[in-house]
Each structure stands twice: as C-alpha cells, then as structure tokens.
Amino acid sequence: MIGQTPKHCKRSKQMIGNQNYRAQRSTGNPPSSWCNSIRSLISQKQPKEAILIYTRNRRNGGTVIGAIPLVLKACASLSMVGFGKALHSEILKSGVGRDVMVGTSLVDMYGKCRDIVSSRKVFDLMPERNVVSWNAMIGGYMRIGNTRLASILFESMSVKSSITWNEMIDGYARNGDMTMARRIFDSVPVGLKNVVAWTVLVDGYVSNGDMDAAGEVFERMTERNLYVWSVMITGYFKKGDTVKARGIFDGMGSRNLVIWNSLISGYAQNGMCEEVLDAFSRMRGEGFEPDEVTYTSVLSACAQSGMLDIGKEIHQIILEKRIEMNEFVLNGLVDMYAKCGDLRNARLIFEGISLQNSATWNCLITGFAIHGQCTEAIEFFRRMEVSSVKPDSITFLSVLSACAHGGFVEEGLGTFSKMEKYGLKPNVKHYGCLVDLLGRKGKLQDAYNLVKGMPMMPNDVVLGALLGACRIHSDAIMTDCVLELVRKMNSYYSSRDDDDDGHYVLLSNIYAASEKWEMARGVRVKFSANGSKKPPGCSLLVLERI
C-alpha cells in the first residue's frame, strides 16, 4: 500500500541471497548435455555459471570442441584472462588448437581482455583463418585504440564481410575519429551497407555528442531497427533536448521494452520526475512488464523528488514481481530511501547487500550528509576505507559536505588531504566544501589562502560562501580581499570570447549570498540592460500517484 513501509527486510535478504544461480549438473551427464547447458547460460547472460558447469564436468576428462569457444566467450565477457590462459594451455595439450573456431575464439578472448600481444600471437600461428578470425583481430586492435594496425589488417583482407566494415566504422567511432568512421561507411559496397552499418554510424555520432550529424544520417535511413530509435532517444536526452527525444519516441510505429526504458531513463536523467511516473504508468497500461532497468529509473525519480510513498510502493512491486535484485536495483533502493530521509530502511538494505560497490556506499553516505547526520556519514566513510571498495570523487564530496555542516574542521582537512592517496584530484566542489567549513568556523584567512591557491577559477558558490562567512564574522578587511577576487573573476569572464552573460548571474549570486543587496541589484540591472534573461525556476507538484 502507498504510505506503508514494505515488509522487505527478510524478503530482501532472501532474494539477495538467492540471486546467484546454482548450477546443479551431474558430472555424469553426456558432453552434449552440459555443452547445451553452457550455451543456454551464455545466451541468458550468466557467464560465471557457464564456466562453473564446464569446470565441474571436465573432471570426467575428454574435450568437447563445441564447448571451448563458448567458455572462451564467457571468459571474454568477464575479462577473466587468467582462466582463459589456463583453458588455452588445456587446448594445446588436447590438440584442438588447430581448429579454426577454437583459434578464432582465443583471438577474440585475448582481444576483449586487452591482451593484444597474446591475441596477435595466436592469430599469426593459426594454420587456417577465416573472415571471423580477421574481424576478431581487428576488433582487438580497435579496442586498445590502435587504429593504425587495425587499418593495415583491414586493407590486407582479400574478403570482407559486412561485419568487417561495421567493425571498422564502430572502432573509429569509439576512438573518437568520426571523419574516418564516415569515410569507411561511405566506402561500404552497396550489397554490404545494411541497416546495421547505418545504425553503427548513427550510434557513433551519438556517442561522440554530434546529434546534428546523427539526425542527418537517421533521416536518410530507408530501414530502421528498434535499436537505432533507442540510440536517438538516448542521445537527445543526454544533450538535454527532451523535446526532440520525445518527438522521436512519438514518431515510432511500434515500441518494445527497450524503447520505453530509453524514454523513462532519459526523463529521470533530466530530473523530469513527473514525466517518469507518467511514462511508467502508460507503459504498464500498454501491456509491457517493467524490468530491472525500468524500476531503477523510477526509483531514481522518486529519490530526486523526495516521493517516499511512491518509492515504497515501487519497492513493494519489485518484491511481489520477484524482480532480480541486481546491483542497480539495490543501489536504487538505497538511494531512494536515503535521499527521501528514510535512513533506517536505507541502512537495512545496505547491510543486506553481500557485495557493496562505490555507488552503494555513496548513496548511503550522501543520504546521511544531506539529512544532517554528519557523524554517521563520517563513520560509514571510515568503514568504506577499510573495506575492499575504493572511495571516489563523489564519496569525498559527500563526506566534506558532512564535515562542513557538522563543523568538523580537523576531520574535513584530513579527508581532503586523503584524496591524493586515492589518486583523486579535487574539483571546485571539493574546494567549495572546505572553504564553507573553514568559513563557518571563522578561519577566514585559511579559507582565503585556500581559494587563492585553487588550481581552477573559483565559482560563485566558493566566493559566495567566503563572502558570507566574512559578513557573519564581521571581517571588513577580509571582505575587501574577497571582493578583489570577485572583480578578477568578473574581468576573466568578461574578456572571454564565449562570454554569454552567465557571469552576471554568478556575480549576483555571490553578492546575494553575502547579503550585499545593492551590489547584487546593480549586477542584475546591467544583466537586464544587455537584453539577457534568466530562465525561471520551477517546483514539482505531484498531483497523482502511480
């Protein structure tokens, strides 16, 4: 029911504990049987279980050539180059290494595991190669960014398939060279330029942020698959163009679950929470069953908008539908409860997760920080440090924010200094938290020195926090020093060729933060005199529940 806490504690733990597939195959089964099981598991995207079945059934001895490429594929998907090498040794001992399918699978496995030296060695020693072998080697070089050697191999091929051409287009696109990607595309023989080639080119433009070029190619397509529609929707959402994204969606004749997920996740990424719930309701009304991706996006919308009641209802549906509790769903639940202020449930779910990643820790630490439970945020940061998970930039930002709100100066300075230990460089937000912390505690000179030593231009939040601290502590001398920094920032932005009047808003915010209302008004008058307008803010009002 909406508004009630789901009875999730025991049920969540049961689902979390049961999410790992237990392969129950007898070692006495005939090879063809367990070979089919491996193939089935890989098609279901369960490579770990496929490898488990192979290792269990190999105890009987003998080698099934048909199973080896499948197991190598599983190794490649998991980047398990160590197991792949062990299997390679087994292949050499059994004498099946001369088989072209086995050799090609080894080339592909090493390439996808980024061991390009071993991949090329296998390729060169293959007594027989087919076009798939060449494609795998080209893909390996493209994966590590060696477009030159990939191109040399491509030019050396006497026979090229459509996959060969697509591999080259995709490889250049993934390496950011859309000029060469387009040149290869334009050279594809007419008989091989299928819908996949067009889709790969569109995807390349989208991945590189060129939606104009992507749209031009998309409009020229005489045949379109559902994937290319999804790519276009996702691309426009990533650029923040929600109108065009919705236009692409509305222009479709038929849709599948992936298309609906593209729309829902796009709305969530752009903070359009009401639209997320509306699309979710429409999708279910049209008979589509939501999956893990859908629920993760809806939970994100609930977290952003603070809709705890609806978030609880979504959690209940997830349990009732027995949706797989993968890392994304679990992190979404922790994030939703934490951001909505239900830290008890957030912590319960967190503690029930067997393997937390950095996102899981960040969700909970951030939740504690934004709801003023600063001591708990720092406590969990310490727990994270002694775990196997490495803190990232988001972790440090949340902990520094907690230190600033809790007034923990020494803890904040110590946390800031630890960033270098983890190979992280502070950005302007990290500096802003530390400046805010020092300013709140009256350490204005330390805060000023920190701002002066920043490796980047301070923004309105940093300078506004420092000016506000000067006002609170009635330090007129430091106020003048900070205003000099503000004037320098103004001069810097005014002299830039790409100046778009945005610095006027920054200046106004700085003066307003320190309650220098006359200065703020003066900046806004100048801003308006230039004919500029600031987009109005908006608030979210939920009129209906799902």
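The model is predicted, so local features need a pLDDT of at least 70 and side-chain atom pairs count only at pLDDT 80 or more, while totals for chains, interfaces and linings use all residues. Residues are numbered from 1 along each chain as its sequence is written, and side-chain values use heavy atoms, with hydrogens and water left out.

The protein contains 31 helices and zero strands. Helices (H or I, at least four residues) and strands (E, at least two) are DSSP runs, numbered from the N terminus. Of the 546 residues, 47% count as buried; buried means under 20% relative accessible area, exposed over 50%, and partly exposed in between, with a 1.4 Å probe and protein chains only. Among contacts (heavy atoms within 4.5 Å) with a separation of 6 or more, 60% join residues 24 or more positions apart.

Helix 4 (residues 67-78) and helix 5 (residues 81-94) have axes that come within 9 Å and cross at roughly 160 degrees. Axes are lines fitted to C-alpha atoms, for helices over the stretch in contact, and angles run from 0 to 180 degrees between N-to-C directions. The two helices are therefore roughly antiparallel to each other; angles under 35 degrees count as roughly parallel, over 145 as roughly antiparallel, 65 to 115 as roughly perpendicular and the rest as oblique. Helix 4 passes helix 5 in a left-handed crossing, a term used if the near helix is turned anticlockwise from the far one by less than a right angle, with right-handed used if clockwise. Ile 68, Val 71, Leu 72 and Cys 75 of helix 4 make the contact with Phe 83, Gly 84, Leu 87 and Ile 91 of helix 5. These residues divide into seven nonpolar, one polar and no charged. Here Ala, Val, Leu, Ile, Met, Phe, Trp, Tyr, Cys and Pro count as nonpolar, Asp, Glu, Lys and Arg as charged, and the others, Gly among them, as polar.

Helix 6 (residues 100-112) and helix 8 (residues 131-143) pack at an angle of about 10 degrees, with their axes 8 Å apart. That angle makes helix 6 roughly parallel to helix 8. In this pair, Val 100, Thr 104, Val 107, Asp 108, Gly 111 and Lys 112 of helix 6 meet Val 132, Ser 133, Ala 136, Met 137, Gly 140 and Arg 143 of helix 8. The contact residues comprise five nonpolar, four polar and three charged.

For helix 24 (residues 393-406) and helix 25 (residues 409-418), the axes come within 9 Å and cross at roughly 165 degrees. Helix 24 is thus roughly antiparallel to helix 25. The contact involves Phe 396, Val 399, Leu 400 and Cys 403 of helix 24 and Glu 411, Gly 412, Thr 415, Phe 416 and Lys 418 of helix 25. By class, they are five nonpolar, two polar and two charged.

Leu 424 is found in the loop between helix 25 and helix 26 (428-440). Leu 424 and Ser 393 are 31 residues apart in sequence and 6.8 Å apart in space, C-alpha to C-alpha. Not counting residues up to four places away in sequence, Leu 424 touches Pro 391, Asp 392, Ser 393, Phe 396 and Met 419.

Thr 294 lies in helix 18 (residues 292-305) and is buried, with a relative accessible area of 1%. Its side chain makes a polar contact of 2.9 Å with the side chain of Asp 291. A polar contact is a pair of N or O atoms within 3.5 Å; within protein, one must be able to donate a hydrogen and the other to accept it, and residues adjacent in sequence count only if both atoms are side-chain atoms. Neighbours within four places in sequence aside, Thr 294 is in contact with Leu 257, Asn 261, Ile 264, Phe 280 and Met 283.
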